[in-house]
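The following exercises concern one protein model. Please study the sequence and the structure before turning to the worked solutions.

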Amino acid sequence: MLLARPGVAWLLLGLVLAGGALAGTLYPRTLLDWQPALAMAEPWRAFSAAFVHLSTRHLLANLLGCVVVTAFGLIARVPWWITLAWLLAWPLGHALLWLQPALQHYAGLSGVLHGGTAAAALYVALRGQGHEPIIGWGVLLGLGVKLYREAPWRGPVQHVAGWDIPIAPIAHATGTLAALLCAAAALALARAFTKERSG
């Protein structure tokens, strides 16, 4: 089965994210973005928020990020079950934005992309061969330093030099947390399944 080949499912999810972000430019932002007040009545926003962008620069930066994260997963040859973990982390990371109730709107791919980076890096750190685990742990360390420097506890949004939109670092943190939880669960299940088959 094609999707079972390492990296294929990851590539397809990367294409869905990039294509969705481009398609999202055709719709009003308020129809798709994350709004905690509407989350229960309109649960699709936990997915569709990734497809909305606040400026052309925002969109282009996230499309570039999507290329990088997709390439990372392809090079790492992540299996379909890590891709599934990333897919499940996508809405979970947005749902966790409830942790910051002052954030009334959120849009963009960055939280999902942080999650994809974390999921692939955890897989490489724990299942990589040779020197690959060092790369995985290095990426996770770099991601942790980035999240710490962004200080998501400072407030719902931050104005960062060079950006024409306010940044919501909490989304980077929740996307990463959701993906680490989902990827860790997938790794544990895969290990248990492998033991069962070999035992």
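The model is predicted, so local features need pLDDT of at least 70, side-chain atom pairs count only at pLDDT 80 or more, and totals for chains, interfaces and linings use all residues. Residues are numbered from 1 along each chain as its sequence is written, and side-chain values use heavy atoms, with hydrogens and water left out.

**Exercise 1.** Classify V157 by accessibility and list its contacts.

*Solution.* Step one: V157 has 38% relative accessibility and therefore counts as partly exposed (buried is under 20% relative accessible area, exposed over 50%, partly exposed in between; 1.4 Å probe, protein chains only). Step two: leaving aside neighbours within four places in sequence, V157 touches L103, P166, I167 and A168 (contact means heavy atoms within 4.5 Å).

**Exercise 2.** Describe how helix 4 and helix 6 pack.

*Solution.* Step one: helix 4 (residues 56-76) and helix 6 (residues 110-127) meet at an angle of about 15°, their axes 10 Å apart. Axes are lines fitted to C-alpha atoms, for helices over the stretch in contact, and angles run from 0 to 180 degrees between N-to-C directions. Step two: the two helices are therefore roughly parallel to each other (angles under 35 degrees). Step three: in helix 4, the residues in contact include G65 and F72; in helix 6, L113 and Y123 are among them.

**Exercise 3.** State how covered helix 6 is.

*Solution.* Helix 6 is mostly covered, as 16 of its 18 residues are buried.

Methods:
Helix = DSSP H or I, 4+ residues; strand = E, 2+ residues; numbered from the N terminus. Parallel < 35°, antiparallel > 145°, perpendicular 65-115°, else oblique.
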